[in-house]
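Me: I would like to learn how to read a few features of a model. Please take them one at a time.

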Amino acid sequence: MENENRGLRDMTVGSPARHIFLFALPLLLGSFLQQLYNMVDSWVVGNYVGDAALAAVGVGFPVIFMFTSLFMGIANGGTVVIAQYYGAGKLDRVRDAVDTIYTTFLVSAIPVTILALLLVKPLLFLLRVDEAAYHEAWVYLMIVCAGLVGTIGYNTNAGILNGIGNSRTTLLFLAVAAGLNIALDLILVLCAGMGVAGVALGTIISQTFSWLFGLLYINRKYPQIAIHPFCFRFDKTLFRQVLGIGLPAGFQMSLVSIGVMTVMSKVNTFGTAYTAAYNVGNKLDSMAFLAVQALTNSVTAFVGQNVGAKKPERVRQGVRMTVTATVVWCLLMTVVLLVWSDGLFHLFSPEAAVAEAGNYYIRAIMPPYALFGVMYILNGAMRGAGESVFPMTVTILSMIVLRVPAVYYLANHFGPAYMFYGFGIGWIGGFVLCVTYYLSGRWKKRGSLADETS
């Protein structure tokens, strides 16, 4: 039974559309807040520090994403495992899964942080960062990597809550982080004059506070899933289930971030204007994609619960409705960004060269955007059913195997104004494969994880 007053949502009964949209709405608002404070970072450094600092912050994003992606994948695996057990009514296994996920996080977070700090300089070398932006990129990355535990902790909390249909509390945590980050940006950069170091400090302080606040809030408001960080309870069977879904997802995200860095390495060879434009373009692209991300997370939880409850017709209804909504949204965002891209780029940098390069980016990626959105939704739905290998494979093929060579080929033979068309080449290939596999129905054979253990 749905208990929205306590923040839990049973998606196995009632209108699929209502569940998916109401679950997605807080995720959308939360993602908007997250992108808002990321954009505030870029706006502050672009207007009050300089294009080199704006480029440095842009360089930092895929590097940080690579380091956190494994844990984001584990959080995603935790969402699916918890959703399927919750849908099957096995609340004792939900409790065991929460303890297992947190134990994995705490044991792994510090080694990953140390590794990240050691890899900052080699990665900046491989990225071929412009000399004008190198020092600021190094400062930004060293500070943010030192505070990775906060980012990882937040994503762990969110994965647990999403599995039981609770997206409203995740929104609260993000609101806390966004408000604190924006305030710290204004204080540390504009008032204290700390430049990119101030932006980085604002990021790690706000994310760490949000993680710890979330831990206390969950334990107080939702005792049925109370987190005991140092109990170190560990269930090997649940761990294998979480990793079976989470590792391919995390591996996929890590490789995609490497692909993004490989593309950025090429972009960086054309100077700081292109690097800054790519940074801003990614922000605008990410803002447009927020609804798709929210719907993907929602359909993953929806499919997970209904697979656990053995209700395949509800799964089909939910996926069809989500794909339709995604196509409509992507077409709307395509029109918006194509019409207003020039003015949006000027918000972040007064330089005409940055806006010109940014317009090349938007005009190239937006026409095939809906194909990418559909691929993303179907991957999320299949992952919710426990199928994690195909979504990983098709994403790697789309985002790396097809896209990266296409970007380099177009840049080398036609110039930087055309290199971003390589994105669409990758998306078209991924879309065709994803739709074909989804329609084949082979992803349904995985069955419910809740049937594997008693």
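Me: Which residues lie nearest the centre of the largest pocket?

Reply: Rolling a probe the size of a water molecule over the atoms shows where empty space is left. A pocket is an open set of points on a 1 Å grid over the protein atoms alone where a 1.4 Å probe fits, with protein on both sides within 12 Å along at least five of seven lines; lining residues have an atom within 4 Å of a point. Here 16 residues line the largest pocket, and Met-39, Leu-284, Met-287, Leu-337 and Leu-344 lie nearest its centre. This is a predicted model: local features need pLDDT of at least 70, side-chain atom pairs count only at pLDDT 80 or more, and totals for chains, interfaces and linings use all residues. Residues are numbered from 1 along each chain as its sequence is written, and side-chain values use heavy atoms, with hydrogens and water left out.

Me: Which helix gives the largest share of that lining?

Reply: Helices are DSSP runs (H or I, at least four residues), numbered from the N terminus. H11 gives the largest share, seven residues. Helices H1 (16-48), H9 (272-288) and H11 (312-348) each supply at least two.

Me: At what angle do H5 and H6 pack?

Reply: Axes are lines fitted to C-alpha atoms over the stretch in contact (heavy atoms within 4.5 Å), and angles run from 0 to 180 degrees between N-to-C directions. H5 (residues 148-163) and H6 (residues 168-191) pack at about 160°, with axes 9 Å apart. The two are therefore roughly antiparallel (over 145 degrees). Tyr-154, Ala-158, Leu-161 and Asn-162 in H5 meet Thr-169, Thr-170, Phe-173 and Leu-174 in H6.

Technical notes:
Parallel < 35°, antiparallel > 145°, perpendicular 65-115°, else oblique.
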